[in-house]
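Dear colleague,

Please find the structure below, with the sequence alongside. My notes on it follow.

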Amino acid sequence: MGIVTSVPDPTLTPELALRYLDELSTDIRAAVLLDGAGHVAAAHAVSGDPPADKLGELTTRLFDHAAEAASATHAFEGPVAQVEASAGEGAVFAVRAEDWTIAVVAGRFALPSLMFYDLRAVLSDLGKRAA
Amino acid sequence: MRKERKGPLGKVAGIAEDFAAGQRRRQARREPRVTIYDSAGHARVLAEDTPGRAELLELAEEMTTLAAGE
């Protein structure tokens, strides 16, 4: 589930970040990390090699449609920072920070608060690395 | 809060109510749901007719299928 351990920042790469994330949560089935330009920096899937580019493209579209929804939502302020969409057998959690965007596919009943906590922790560690 | 019923019939009715409430909670968790958050962490659950919501659910299903390796 969502117990966050410390990550050694100086050696943290996008690939390592996703591997740590996978260790943090047994609910995660796949993850993709995009850099500030929207390019896929790393991808990971429990089932094997993930279709990284496709997951990256879908993540970008996720935030595009979230922005569309936000603009139609009364009193929603600023850009969308996080998205949670649960449908069918899975749920997608995505977080966008200044330099990175991360999205994971998890089981339908993953706890959103823990998922977002873990995702923000990973992005924060990656942000420190870039600084 | 549920009103207490007396006697064995009341106990059975109470169990049935708890079961039905559990079923309703489980059903509610299975419903498609989209929530967006602003940078301060304020959440908004999107109403069914919100523009973009249907596309977000489609994307979530597509990503779930990809994650399963299908």
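The notes below start with conventions, then take the chains and their contacts in turn.

This is a predicted model, in which local features need pLDDT of at least 70 and side-chain atom pairs count only at pLDDT 80 or more, while totals for chains, interfaces and linings use all residues. Residues are numbered from 1 along each chain as its sequence is written, and chains are lettered from A and ligands numbered from 1 in the order in which they are written.

Chain B has two helices and two strands, in the order α-β-β-α along the sequence. Helices (H or I, at least four residues) and strands (E, at least two) are DSSP runs, numbered from the N terminus. Of the 70 residues in chain B, 20% are buried. A residue counts as buried if 20 or more other C-beta atoms lie within 10 Å of its own, as exposed if 12 or fewer do, and as partly exposed in between, with C-beta atoms placed from the backbone.

Helix α2 of chain B covers residues 53-67 and spans 21 Å from first C-alpha to last, close to the 21 Å expected at 1.5 Å a residue (the expected span is 1.5 Å times one less than the number of residues). Among its buried residues are B:Arg53, B:Leu56, B:Met63 and B:Ala67. Just after this helix, B:Gly69 has a positive phi of about 75°.

In chain A, helix α1 (residues 14-24) has A:Pro14, A:Ala17, A:Leu18, A:Leu21 and A:Leu24 buried. These lie within an arc of 115° seen down the axis of α1(A), so they line one face of the helix; the arc is that of the directions from the helix axis to the C-beta atoms.

Between the chains, 37 residues of chain A are in contact with 28 residues of chain B, contact being C-beta atoms, placed from the backbone, within 7 Å. On the chain A side, α2(A) gives the most, with 10 residues. That side divides into 21 nonpolar, nine polar and seven charged residues. Here Ala, Val, Leu, Ile, Met, Phe, Trp, Tyr, Cys and Pro count as nonpolar, Asp, Glu, Lys and Arg as charged, and the others, Gly among them, as polar.

The chains also share strand pairing: β3(A) and β1(B) (residues 33-37) run antiparallel over five bridges, where pairing requires at least two DSSP bridges between the strands. Within this pairing, A:Glu84 has B:Thr35 as its bridge partner.

Regards

Key:
Contact = placed C-beta atoms within 7 Å.
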